[in-house]
Amino acid sequence: MKVLIVYYSTFGNTYKMALEVAEGVKAVPGTIPVIRTVPELIPEEIIQSREDLRRGKELQKDVPLVTLDDFREAGAVAFGTPTRFGAVSAQLKNQIDRLSPLWQEGALEGKPAGIFVSTATLHGGQEMTIFSLLPSLLHLGMIFVGVPYSVRNLFTTKGGGSPYGPGHVAGDNSQRELDSDEIAILRAFGKRLAEIGLKLMK
Ligand SMILES: Cc1cc2nc3c(=O)[nH]c(=O)nc-3n(C[C@H](O)[C@H](O)[C@H](O)COP(=O)(O)O)c2cc1C
């Protein structure tokens, strides 16, 4: 069973989170992670004019754009986004708005899905961002998956991560690396999503 990990990332943090979700998926026999990104909306001349943007994009240059077939073939889906003014990024939302053919087919109904998020600051809106995407997942008929407190790192994290989904605090220059609690939560989430996907396929 394929677990689709579809994300948007400007500076690379959400991309690095996607890699950790994939590690969690790999721990579940019979499942494979499929990492995909979404179309960029920042004009190319702006990206080329900023070193931090160029570096973030260089990191992800080999990640394919997601297709509708990637969604059709997936048994579970993880959505990743940076926070934009307390809500989902326009780039990921734009991709979700392109899913209306699948909505009409009911192709995503009954598939488990969860959301991981990167913010600059601790209270910058990780939970708000996750909730800003929840209506879309429910309209598509997906089954929302978070992170239970049996994942003990939820008690110790000084960065991101909550029962609503994994998170990362990237810092005001977006250069803070993922810490060990954030990584453990991301991996536990990937594993859980894969396990639930397998159960729902039976
Ligand atoms: C337009 C814009 C709005 C943002 N809004 C927020 C915000 O509401 N809260 C926050 O903590 N960070 C905010 N940020 C910072 C981003 O969330 C941060 O750069 C991002 O998590 C880094 O992820 P990435 O490396 O995957 O792009 C904003 C950044 C931009 C460009």
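Predicted model: local features only at pLDDT ≥ 70, side-chain atom pairs only at ≥ 80, totals over all residues.

Colleague: Where does phenylalanine 85 sit in the chain?

Modeller: Phenylalanine 85 is in the loop between β3 (74–82) and α5 (90–97).

Colleague: And what's its phi?

Modeller: The phi of phenylalanine 85 is near 50 degrees, a positive value in a residue other than glycine. Most residues other than glycine have a negative phi.

Colleague: OK, what about serine 174, what's phi there?

Modeller: Serine 174 has a phi near 60 degrees, again a positive value in a residue other than glycine. You'll find serine 174 in the loop between β6 (167–169) and α9 (180–201).

Colleague: How many other C-beta atoms does serine 174 have within 10 Å?

Modeller: There are 17 within 10 Å of serine 174, so it is partly exposed.

Colleague: Which other residue is in that loop between β6 and α9?

Modeller: Leucine 178 is one of them; its place is in the loop between β6 and α9.

Colleague: Is leucine 178 buried or exposed?

Modeller: Leucine 178 is buried, because 22 other C-beta atoms lie within 10 Å.

Colleague: Which residues is leucine 178 in contact with?

Modeller: Leaving aside neighbours within four places in sequence, leucine 178 is in contact with Lys16, Met17, Glu20, His168 and Ile183.

Colleague: How far is leucine 178 from arginine 54?

Modeller: Their C-alpha atoms are separated by 20 Å, and leucine 178 and arginine 54 are 124 residues apart along the chain.

Colleague: Switching topic: where's aspartate 62?

Modeller: Aspartate 62 lies in the loop between α3 (51–59) and α4 (68–73). With 7 C-beta neighbours inside 10 Å, aspartate 62 counts as exposed.

Colleague: Now the big picture. How many helices and strands are in the protein chain?

Modeller: The protein chain has 9 helices and 6 strands. Its radius of gyration is 16 Å, close to the 17 Å that the globule rule gives for 202 residues, so the protein chain is as compact as a globular protein of that length.

Colleague: What does the C-alpha trace span along its principal axes?

Modeller: About 50 × 40 × 30 Å for the protein chain.

Colleague: And what share of the residues is buried?

Modeller: Buried residues make up 46% of the 202 in the protein chain. As for contacts between residues at least 6 apart in sequence, 78% join residues at least 24 apart.

Colleague: Let's do the strands. How is β1 joined to β2?

Modeller: β1 and strand β2 (residues 32–37) run parallel, and 6 bridges join them. Within that pair, valine 3 stands opposite proline 33 in β2. The chain gets from β1 to β2 through α1, and this β-α-β crossover is right-handed.

Colleague: How many residues of β1 are buried?

Modeller: 5 of the 6 residues of β1 (residues 2–7) are buried, making the strand mostly covered.

Colleague: What stands opposite valine 3 in β3?

Modeller: Alanine 76 does. β1 and β3 also pair in the parallel sense, over 6 bridges.

Colleague: And how many residues of β3 are buried?

Modeller: 9 of the 9 residues of β3 are buried, so β3 is largely enclosed by the rest of the structure. β3 pairs with β4 as well, in the parallel sense over 6 bridges. There, alanine 78 has glycine 114 in β4 as its bridge partner.

Technical notes: Residues numbered from 1 in each chain as written. Helix = DSSP H or I, 4+ residues; strand = E, 2+ residues; numbered from the N terminus. Buried ≥ 20, exposed ≤ 12 C-beta atoms within 10 Å, placed from the backbone. Rg over C-alpha atoms; globule rule 2.2 N^0.38 Å. Contact = placed C-beta atoms within 7 Å. Pairing = 2+ DSSP bridges. Right-handed = clockwise from strand over helix to strand, strands pointing away.
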